[in-house]
Amino acid sequence: MRQSNFRLLRIIISILFFIPTTYILIDFYGLVPGDVKKWILFLQFTPSVLNFITIGTLSITGFIIILALTFLFGRVYCSSVCPLGVLQDIINYFSKKIKKRKKKFIFVKENKLLRYSLLALTIIPIFFGINTFLVLLDPYSLYGRIAGNFALPILAFSNNGVAYILEQFNNYSVYPHDIQKFNIVPFAIVFSFFGLIAYLSFKHGRLYCNTICPVGTLLGIISKYSLFKIRIKEEECLSCGACARDCKAECIDSRTKIIDTSRCIACFDCIPSCPTEGITFSLKSSASSSDDSINNSKRNFLTKTSIYLLSLSAIGASVQKKIKITKPSTIPVFKENAVSPPGSFSLDKFNGKCTACHLCVTACPTQVLQPSFLEYGFTGMLQPHLDNSAGYCNFDCTICSDVCPTGAIIPITRNDKHLAQIGIAKFIKENCVVHTQKTDCGACSEHCPTKAVHMIPYEVKGLVIPEVREEYCIGCGACEFACPTIPYKSIYIEGNSIHKTAKKNVEEKKLEKVNMDEDFPF
C-alpha cells in the first residue's frame, strides 16, 4: 500500500467505528440487540478495562488488543476507534470550512506536568474505588454524554415531526418519542465539557487528546516504544514545514525534524502533505534501510535542483562572457498578461484558487516563481507568477504542480508540460544587439528548449538575428532570461490568459555524414 493511502484508510476505519457507536448511543428505538452493542463497543478502551477490573469477561481482550495495536502502530485507537477523537476531527474539519482557508498548525511543546498529573489523578483513585476523574475525562464516556444530550434530542424531535406528519394521513408506522425530563445541571456540565472540547479542537486540533485525556496520555507512553512510527527522513526533508502545518496533534517540529511520538495520534495527515515524500510510516530498521537505499525520485529531485541552479549560472556566465553591451536598449517592454505556472490552465482559474501560500515559490528550483505585486491586479497580489528576470521555467520540471495544496496548479505530467503554452515569446528587433551593435549574439536561440526561437540571416552579411515561431513556443522564458540587452529585453514572454497547447517541433538535427573514406586515426 502506498504511504499516502494510510490517511484514507484511517478515515474509512474511523467512519466504520464512529457511525455504529453513535447510533447505539442514541438508539431509543432499541433496534440494536444488547449483544451486538457489546461487540460494537468491544474495542473501547475504558469500558473494557473496567470490565476486566470488576468481573472479567470476554471484553477484557478489547483493551488488550488496543494495547497490542498501540505497541505495533502507535495511537491508532485515538485516530480511528475513539468516538471523541473522531468528533474532534469533524469539528476541526468544519473549522477549516468556516474559515475558508486551510487550517495551519504549529508545533507546541508538550505540557508534561499537566498530562501526567491528570493521568495520575485518574488512575490512582481507581484503586481506592474513586473514579471521579475517569468519569469526567474518559473520552468514550464524554462522547456518550455528548451524543445523549445533543444528538438524541435532535433525533427525537425529527422522529416526532415525521410521526406527526404521517398521522395526518392515518399512518401510525412511526410513533413519537417523548423526552420525559430535562436535567439542567447535568446538561450544563456536559455542555461545558462539550464547549471546551469543541473550542480546543476548533482552535488546536487534538489538544484535548494530547493534554487532558488520560487514555491518550497512557497510550502515548506506549507509543513511544511502538514498532511502526511516523518518521522524518532527514536527508530528504526540505524543512518546508508543510507536515507541521497539517499536524493536528501539533507534535511535529519541522525545524529540528523531530516528531513527538507520545502525542502523535497516527492520523497520517502529514504524509501526503510532504512535497518530497520525506515522511514515512515504517519500522525503525526498515526506515534505516530505506534511508540507505537509493530513492531515485528524491535523488533526482536534489540532483535536478543542483543542475537547474548550475544551468542558471551557466546561462548568465556564457551570455556575460560572450556579449558586451555598449548601446542600451530603447524600447520599453509592457506585458499585458502575467505568466501563470504550467498546470494552472488560465489566469482566472489560478487567481481564483491560489491562496498565495508560496509553497510553490519555495519549491521552485529555478526561482522563476516569484510573488507578484500588481501583475495579476490588486486582488491577485502576492500570488506567484513567472518572473524571467529571476529565472526560467525548466523544461522538465513539474515541482510546483506537485506541491500546490489548493489545486490552483493541477498536477501535470512531464510530457504535457513540454507542450503547455503558458505564454509566447515576443521579439523587439530595435532592442536586439544584433541590430543595435551589429554584432553576433543568439543567446535566446541557444537556450530555447523547443527551438521556437531560431536564427535567420540579417541584413548585414554574416550576421543572423532571432525569429520566433510562435506555434512551438511554450513561454518558458529561457530566451528572456538569457537575453543580455539592458535596460529592456529584446525578447520577452507575453502570458496567455488561457493556456494553450504548442505544436511539437519535430525538427531533428541532421546527422553529420561520416566520411568512410577517411582513414581511422589508429
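In this predicted model, a polar atom of the Ser223 side chain lies 2.8 Å from the backbone oxygen of Gly220, and the side chain of Ser223 also reaches the backbone oxygen of Thr261, at 2.9 Å. Ser223 belongs to helix α12, which spans residues 214-223, and it counts as buried because its relative accessibility is 2%, under the 20% limit for that class. When residues up to four places away in sequence are set aside, Ser223 touches Thr70, Gly74, Arg75, Lys229, Thr261 and Ser262.

Tyr225 is placed in the loop between α12 and β1 (228-232), and with a relative accessibility of 58% it counts as exposed. Together with Phe71, Leu72, Ile221 and Leu227, Tyr225 makes a nonpolar surface patch of about 440 Å².

Side chains of opposite charge can pair when their charged atoms come close. The structure holds eleven salt bridges, one of which joins Asp89 to Arg206, with the closest N and O atoms 3.0 Å apart. Because Asp89 lies in helix α6 (residues 83-99) and Arg206 in the loop between α10 (184-204) and α11 (207-211), this pair ties together parts that are 117 residues apart in sequence. Both partners are buried, Asp89 with a relative accessible area of 12% and Arg206 with one of 1%.

A salt bridge is also formed by Asp269 and Lys248, whose closest N and O atoms are 3.5 Å apart. Asp269 is located in the loop between β3 (258-259) and α14 (270-273), and Lys248 in the loop between α13 (242-246) and β2 (252-253), so that the pair links parts 21 residues apart in sequence. Asp269 and Lys248 are both buried. Through salt bridges that share partners, Arg7, Arg10, Asp89, Arg206, Lys248 and Asp269 are joined into one network. The side chains of Asp260 and Arg263 likewise meet in a salt bridge, at 2.7 Å from N to O, and these two residues are buried.

As to confidence, the protein chain has a mean pLDDT of 83, and 84% of its residues reach 70 or more. Confidence is highest in strand β7 (residues 420-427), at 96, and lowest in helix α15 (residues 284-292), at a mean of 45. Over residues 286-305 the pLDDT stays under 50, and the model has 18 contacts beyond four places in sequence for this stretch. The pLDDT is also below 50 over residues 508-522, a stretch with zero contacts in the model beyond near neighbours in sequence. Where pLDDT is low, the predicted coordinates should not be read in detail.

Technical notes. Residues are numbered from 1 along each chain as its sequence is written. This is a predicted model: local features need pLDDT of at least 70, side-chain atom pairs count only at pLDDT 80 or more; totals for chains, interfaces and linings use all residues. Side-chain values use heavy atoms; hydrogens and water are left out. Helices (H or I, at least four residues) and strands (E, at least two) are DSSP runs, numbered from the N terminus. Buried means under 20% relative accessible area, exposed over 50%, partly exposed in between (1.4 Å probe, protein chains only). A polar contact is a pair of N or O atoms within 3.5 Å; within protein, one must be able to donate a hydrogen and the other to accept it, and residues adjacent in sequence count only if both atoms are side-chain atoms. Contact means heavy atoms within 4.5 Å. Patches are made of residues with over 30% relative accessible area and no salt bridge: like charges are joined within 9 Å, nonpolar side chains (Val, Leu, Ile, Met, Phe, Trp, Tyr) within 5 Å. Accessible areas come from the Shrake-Rupley method with a 1.4 Å probe; for residues, only the protein chains shown count as cover. A salt bridge is a side-chain nitrogen of Lys or Arg within 4 Å of a carboxyl oxygen of Asp or Glu. pLDDT is the predictor's confidence in each residue, from 0 to 100.
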